[in-house]
Amino acid sequence: MKNVILRGPALTQSGYGVHCRQIAKWLFSKEEFDVKFQALPWGDTPWILDQKAYGGIIERIMKNTVDLSEQKEKFDMSFQLQLPNEWDPSLAKFNVGLSACVETDVCNPEWIQHCNRMDAVIVPSKHAADSLKNSGKVTKPLLVVPESFCEEIESVEKETIDSLPKFSTNFNFLVFGQITGDNPLNDRKNIFFTLKWICETFKDDPDVGIVIKTNIGRNTSIDRKKTKDLLNIIVKECRKSDFPKIHLLHGEMDEKHVAALYRHPQIKALVSLTRGEGYGLPILEA
C-alpha cells in the first residue's frame, strides 16, 4: 500500500477547497492508497466544521489529518493543491503539483521553476496550461484534468428550489463570489465593477434585479453586516435610482441549495467578470 498525502485547503469553503475534496474523494476510492492530509487555509475563506458535510468526507479528512513535523519518513506520493510557489518537492518520493494557476495569457515566470521541481503538474484547463507554457519551458509532464461539478447540479428537487427566497424582481442576474478586496483595484472577483456595470446597463429598469451571493471572509452575522454596509456604499455610488434592485444572499449553502439557486425561476443568467481568476467553478456549474 502506498502512503499518500494530499496537501491543500480541503476544509475551506473556497474553489480550491472544492477541488481538494474532489481529489480526496478520488483518492479514497483507491484501495491501494493510505491517504493522509495536511489541511491548509485559503485566504480569508471560512472553514467547514460540520463533520457530516459533503457525505461525511469532511470527517474522513479530519480523522486522517497529520502533523508533518512528526513524519519521520517521506510519503510515497504527494498531491499538493496550491499555487506553484507553495509546493514542496521534498514532501514525498513522487510529487504532483496541482493548481488552477491563473486564467491569463502569461503567469509569473518564477512559477515555471517551481513546476520543474515537481515530478508532474496538473491544471484544470488548457488555458491554464497555455499560461504556463507561454511563460517559460516546463520540462516536467503538464497534464490537463478538468474539475468536476457536484452531482446535485444534474437533479434538483422542486421543494429545494421552493425553499429559496422569492425576489421582488422577475429577471435577475446572479453574481457569485467572495469580495476579496476593500476597493475596486484589489478585488480579484471584480464584484465592485460587476455591480457598477449591471446598474449602469439596466438603470431605471424595475423588472431587473441582481442576486449577489457573497461575503467578505466569514459566514457570521458580523460578516453579514460588514458585507451589507460595503454593498450599500457600492450601490450608492453606482446606482442613480432605486433600480435595478439588489438582493443579498449571505451565509453557508449546501450543494443542493447552490444547485437550486442556478435553477431558480427568477434567476436568468450568471454574470462573472472576474480577473486573474484561477478556474471559474460557478461558470461550469451554471
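Predicted model: local features only at pLDDT ≥ 70, side-chain atom pairs only at ≥ 80, totals over all residues.

1. Phe173 stands opposite Ile210 in β8. The strands β7 and β8 pair in the parallel sense over six bridges; here two strands count as paired if DSSP finds at least two bridges between them. Helices (H or I, at least four residues) and strands (E, at least two) are DSSP runs, numbered from the N terminus.

2. Residues are numbered from 1 along each chain as its sequence is written, and side-chain values use heavy atoms, with hydrogens and water left out.

3. The pair β7 and β8 belongs to an open sheet of four strands, in the order β9-β8-β7-β10, with parallel pairing. Its edge strands are β9 and β10 (267–270), each of which pairs on one side only. Neighbouring strands of this sheet are turned by 30 degrees against each other on average, direction ignored. Axes are lines fitted to C-alpha atoms, for helices over the stretch in contact, and angles run from 0 to 180 degrees between N-to-C directions.

4. Two helices pack on this sheet. Helix α6 touches β7, β8 and β9, and its direction makes about 170 degrees with that of β8. Helix α7 touches β8 and β9, and its direction makes about 160 degrees with that of β9. Contact means heavy atoms within 4.5 Å.

5. How is β8 covered? Six of its six residues are buried, where buried means under 20% relative accessible area, exposed over 50%, and partly exposed in between (1.4 Å probe, protein chains only). In a regular strand the side chains alternate between the two faces of the sheet. Val208, Ile210 and Ile212 point one way from β8, whereas Gly209, Val211 and Lys213 point the other way.

6. A further open sheet has six strands in the order β2-β1-β3-β4-β5-β6, and its pairing is parallel. The edges are formed by β2 (33–39) and β6 (142–144), each pairing on one side only. From one strand to the next the twist averages 20 degrees. Within this sheet, three bridges join β4 (residues 92–98) to β5, and Leu98 has Ile122 of β5 as its bridge partner.

7. Helix α3 (residues 110–117) has the buried residues Trp111, Ile112, His114 and Cys115. They lie on the same side of α3 because they cover an arc of only 160 degrees around the axis, the arc being that of the directions from the helix axis to the C-beta atoms. These buried residues pack against β5 (120–123) and α4 (126–133).

8. How many cavities of 30 Å³ or more does a search of the whole structure find? The search finds one, and about 50 Å³ of space lies in the largest cavity. Its lining consists of Val175, Phe176, Lys189, Ile191, Thr194, Val271, Ser272, Leu273 and Thr274; β7 and α6 are the elements that give two or more residues to the lining. On a 1 Å grid over the protein atoms alone, a cavity is a set of points where a 1.4 Å probe fits but cannot get out, and lining residues have an atom within 4 Å of a point. Grid points are joined across faces, edges and corners, and a volume is the space filled by probe spheres set on the points.

9. Asn190 is found in the loop between β7 (171–176) and α6 (191–201). This residue is buried, with a relative accessible area of 5%. Not counting residues up to four places away in sequence, Asn190 touches Trp197, Leu273, Thr274 and Arg275.

10. Some backbone values deserve a check. Most residues other than glycine have a negative phi, and most peptide bonds are trans. Tyr54, in the loop between β2 and α2 (57–63), has a positive phi near 55 degrees and counts as partly exposed at 30% relative accessibility. Asp204, in the loop between α6 and β8 (208–213), has a positive phi near 65 degrees. The peptide bond from Phe243 to Pro244 is cis, with omega near -5 degrees; Pro244 lies in the loop between α7 (221–238) and β9 (245–249).

Notes. 1 Å grid on protein atoms, 1.4 Å probe; cavity = no way out; pocket = protein on both sides within 12 Å on 5 of 7 lines; lining within 4 Å.
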